[in-house]
Amino acid sequence: MPQMITRKPLEGERPWQQELAKAITDPAVLLTMLEIDQTAFADGFAARKQFPMRVPQPFIDRMVKGDPNDPLLRQVLPLSDELITSNGYVSDPLGEHDTQAPGLMHKYQSRVLLILRGGCAVNCRYCFRRHFPYGDNSPSKQEWQQSFDYIAAHPEINEVLLSGGDPLMANDQQLDWLLTQLEQIPHLRRVRIHTRLPVVIPSRITDALVSRLASSRLKALMVLHINHANEIDNALQRAAQKLKQAGIWLLNQSVLLQQVNDSADALCALSERLFEADIQPYYLHLMDKVAQAEHFDLPLARVQALNKAMMQRLPGFLVPKFVREIAGQQSKTPIDLGFNPFIEQTDLDFFQQS
């Protein structure tokens with residue numbers, strides 16, 4: 001019988017930490033819980049040796065028992081497809097492995113990104129940082145001073161993004177310490193937290209966390225990572241409400257994934273469900289071309305068709321920006337929908353009439 005509990009919860013841990021400790025790490029156990037025959041998936045179990053599996057129970061509870069094609073299951077289950085390598089898919093698709101300081105990336109003019117924690121509550125199989133050298137980017141409190149000095153020396157930086165891994169793997173006391181340091185840098189205005197942890201363990205949104213973010217002089221935003229409407233249950237919606245009522249701005253970014261959300265129906269349902277939960281659709285990313293995850297990728301023509309379909313079916317405020325990130329570019333790159341010939345002719349007519 002496989003062991004389901006990875007470690008015994010420690011005395012004094014919060015409910016979210018206890019859920020974290022009980023996360024399922026064995027694909028055979030996960031499939032048994034979901035009443036799915038594991039025979040067809042056994043060849044893929046070896047993929048977790050390259051990238052471990054980790055799935056918390058609250059996320060499993062939203063999967064459909066008996067459905068091997070469940071869109072939530074597909075995001076976390078190691079498959080034999082991960083053992084295949086293809087040209088064009090690399091370990092560092094965004095050129096992030098060389099950082100400006102341990103745990104600090106400065107890719108865009110006014111924003112820096114801090115790798116606050118290397119671990120995640122859930123290991124998504126398409127993760128673009130699945131090969132990231134977290135061991136070289138796990139600063140101690142003393143070493144974080146290099147990052148604070150870097151930000152203080154660059155007055156053009158007005159926003160700090162907390163990322164990872166997942167930044168909410170840090171406990172509330174550690175986050176309080178970091179926020180206190182950042183608040184002392186006068187030109188900072190905002191702190192943005194990119195996280196999937198509240199999606200898979202909604203109890204991570206503690207009263208202490210909400211209170212600390214609300215009391216900061218830095219305007220706080222939280223960008224959740226939700227890819228499918230089925231990921232939003234009542235517990236997540238209640239957590240979102242706590243943040244919303246405290247004045248924390250909630251956004252969502254998704255990744256376009258084959259056999260997860262690659263239909264207009266799925267994407268429109270996601271936007272509608274986000275709106276019901278008071279979460280604003282923000283970005284829909286094309287998958288970063290990371291090695292061992294190419295089976296999630298989609299051809300550009302399919303992406304363009306999905307974008308157009310969403311624009312036809314939804315009001316503009318529910319259509320996320322379709323973008324890709326390209327290493328070395330100064331911003332995200334919007335997807336070209338092929339409307340340029342029309343725009344260019346319109347512009348030409350305007351100038352000819354002027």
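By class, how many nonpolar, polar and charged residues does the lining of the largest cavity have? Hold that thought while we set up.

**Ground rules.** This is a predicted model, with local features needing pLDDT of at least 70 and side-chain atom pairs counting only at pLDDT 80 or more, while totals for chains, interfaces and linings use all residues. Residues are numbered from 1 along each chain as its sequence is written, and side-chain values use heavy atoms, with hydrogens and water left out.

**Stop 1: the cavities.** On a 1 Å grid over the protein atoms alone, a cavity is a set of points where a 1.4 Å probe fits but cannot get out, and lining residues have an atom within 4 Å of a point. Grid points are joined across faces, edges and corners, and a volume is the space filled by probe spheres set on the points. The structure holds 2 cavities of 30 Å³ or more.

Select Asn252, Ser254, Leu267, Leu270, Ser271, Leu274, Pro281, Tyr282, Tyr283, Leu284, Met310 and Pro320 to see the lining of the largest cavity, which has about 80 Å³ of space. Two or more lining residues come from each of E6, helix H10 (264–276) and E7. (Helices, H or I of at least four residues, and strands, E of at least two, are DSSP runs numbered from the N terminus.) And the opening question: this lining has 9 nonpolar, 3 polar and no charged residues. Here Ala, Val, Leu, Ile, Met, Phe, Trp, Tyr, Cys and Pro count as nonpolar, Asp, Glu, Lys and Arg as charged, and the others, Gly among them, as polar.

Next, pick Asp172, Leu175, Asp176, Leu179, Ala208, Leu209, Arg212 and Leu213, which line the second largest cavity. About 40 Å³ of space lies in there. Helix H6 (172–183) and helix H8 (207–215) each give two or more residues to this lining, and the classes split into 5 nonpolar, no polar and 3 charged.

**Stop 2: the sheet.** Switch to cartoon and find an open sheet of 9 strands, in the order E1-E2-E3-E4-E5-E6-E7-E8-E9, with mixed pairing. Two strands pair if DSSP finds at least two bridges between them. At the edges, strand E1 (104–108) and strand E9 (333–334) each pair on one side only. Zoom in on E1: 3 bridges join E1 to strand E2 (residues 111–117), and the two run antiparallel. Tyr108 stands opposite Arg111 in E2.

**Stop 3: the largest pocket.** A pocket is an open set of points with protein on both sides within 12 Å along at least five of seven lines. The largest pocket has a volume of about 940 Å³. Of its 48 lining residues, Phe128, Arg129, Ser163, His225 and Gln253 are the closest to the centre. E1 turns up again, giving the most to this lining with 4 residues. By class, the lining has 22 nonpolar, 15 polar and 11 charged residues.

Which residues does the UniProt annotation "binding site" cover? The unreviewed entry lists Cys120, Cys124 and Cys127, and the lining of the largest pocket includes Cys120, Cys124 and Cys127. Cys124 lies in the loop between E2 and H5. UniProt annotations may be inferred rather than shown by experiment.
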